[in-house]
Amino acid sequence: MTEFQELFNMPNTLGAVDGTHISIAKPSINHPTAPGNLFYNRKGFYSINCQIVCSAKGKIIGLNPNFPGSTHDAAIWRASTINHFLKSNFLSGERNQWLLGDKGYPLQPWLMTPLMAPTTEAEIHTGHTTTVTQEQEMLWKCGMEGSKINFDVYIVIVACIINQKELQK
């Protein structure tokens, strides 16, 4: 939690969350439980929408590669284990821990999202209007943002493990 304080002057921040689209080969449209059209994303290609939570130094602390590309980041967040964990902590009295998310995520007591139109002096100087940029930088450090390689879920997980080993060197 101190990494965000040291690097970005953001206390009590556990990490940054975002979805990244990992390109896959066009799946079969006739699949009985996951028809291929579910994997076609808003960016115009077939993908897995992989939710990644990174520390301030780019260490992957959460990974969920289980949703097709058409799934919105907020829907993945609502179903995520980390969301339910942080909500449970909040309801149990923990008020000093949160993640950072971009404007595609809902504002929650355990998930800070950017101020889209800061108006007061305090809002302008909080630095939270730059969260999206900082979050994207962390995801790029994770090595997953904008990937165009054809992956399946297991390869995504292995790539993340390799990335973490490299960060530990």
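Which helix holds both Phe4 and Phe8, and about how many helical turns separate them? Select helix H1 (residues 2-8) to find out: the two residues are 4 apart in that helix, so about one helical turn separates Phe4 and Phe8. Helices here are DSSP runs of H or I with at least four residues, strands are runs of E with at least two, and both are numbered from the N terminus.

**Before you go further**

You are looking at a predicted model, with residues numbered from 1 along each chain as its sequence is written. Local features need pLDDT of at least 70 and side-chain atom pairs count only at pLDDT 80 or more, while totals for chains, interfaces and linings use all residues; side-chain values use heavy atoms, leaving out hydrogens and water.

**The whole chain**

Colour by secondary structure. The protein chain has 6 helices and 5 strands, and from the N terminus on they run α-β-β-β-α-α-β-β-α-α-α. Of its 169 residues, 43% are buried; buried means under 20% relative accessible area, exposed means over 50%, and partly exposed lies in between, with a 1.4 Å probe and protein chains only. Contacts (heavy atoms within 4.5 Å) between residues at least 6 apart in sequence join residues at least 24 apart in 60% of cases.

Now colour by pLDDT, the predictor's confidence in each residue from 0 to 100. The chain has a mean of 79, and 71% of its residues reach 70 or more. Select residues 129-151 next: the pLDDT there is below 50, although this stretch has 61 contacts in the model beyond near neighbours in sequence. Where pLDDT is low, the predicted coordinates should not be read in detail.

**Aromatic pairs**

Rings of Phe, Tyr and Trp (its six-membered ring) pair if their centres lie within 6.5 Å; planes under 30 degrees apart count as stacked, over 60 as edge-to-face, and the rest as tilted. The count comes to 4 aromatic pairs by this rule. Return to Phe4 and Phe8: their ring centres are 5.7 Å apart and their planes stand at 45 degrees, so this pair is tilted. Phe4 is buried, at 1% relative accessibility, whereas Phe8 is partly exposed at 21%.

Then select Trp77 and Tyr105. Here the centres are 6.2 Å apart and the planes are at 85 degrees, so the pair is edge-to-face. This pair links distant parts of the chain, 28 residues apart: Trp77 belongs to helix H2 (residues 73-79), and Tyr105 to the loop between strand S4 (98-100) and strand S5 (111-112). Both residues are buried.

**The core around them**

Arg95 lies over the face of the Phe90 ring, at 3.9 Å from its centre; a charge sits over a ring if NZ of Lys or CZ of Arg is within 6 Å of the ring centre and within 35 degrees of the ring normal.

Is Asn41 buried or exposed? Asn41 counts as buried, at 3% relative accessibility, and its place is in the loop between strand S1 (13-23) and strand S2 (47-54). Its side chain makes a polar contact with that of Ser47 at 2.8 Å. A polar contact is a pair of N or O atoms within 3.5 Å; within protein, one must be able to donate a hydrogen and the other to accept it, and residues adjacent in sequence count only if both atoms are side-chain atoms.

Move to Asn66 in strand S3 (residues 60-68). Asn66 is exposed, with a relative accessible area of 55%, and its side chain makes a polar contact with the side chain of Asn64 (3.0 Å).

Finish in the loop between H1 and S1, where you will find Asn9 and Asn12. Asn9 has a positive phi near 55 degrees and is exposed at 56% relative accessibility. For Asn12, phi is also positive, near 65 degrees, and the residue is partly exposed at 26%.
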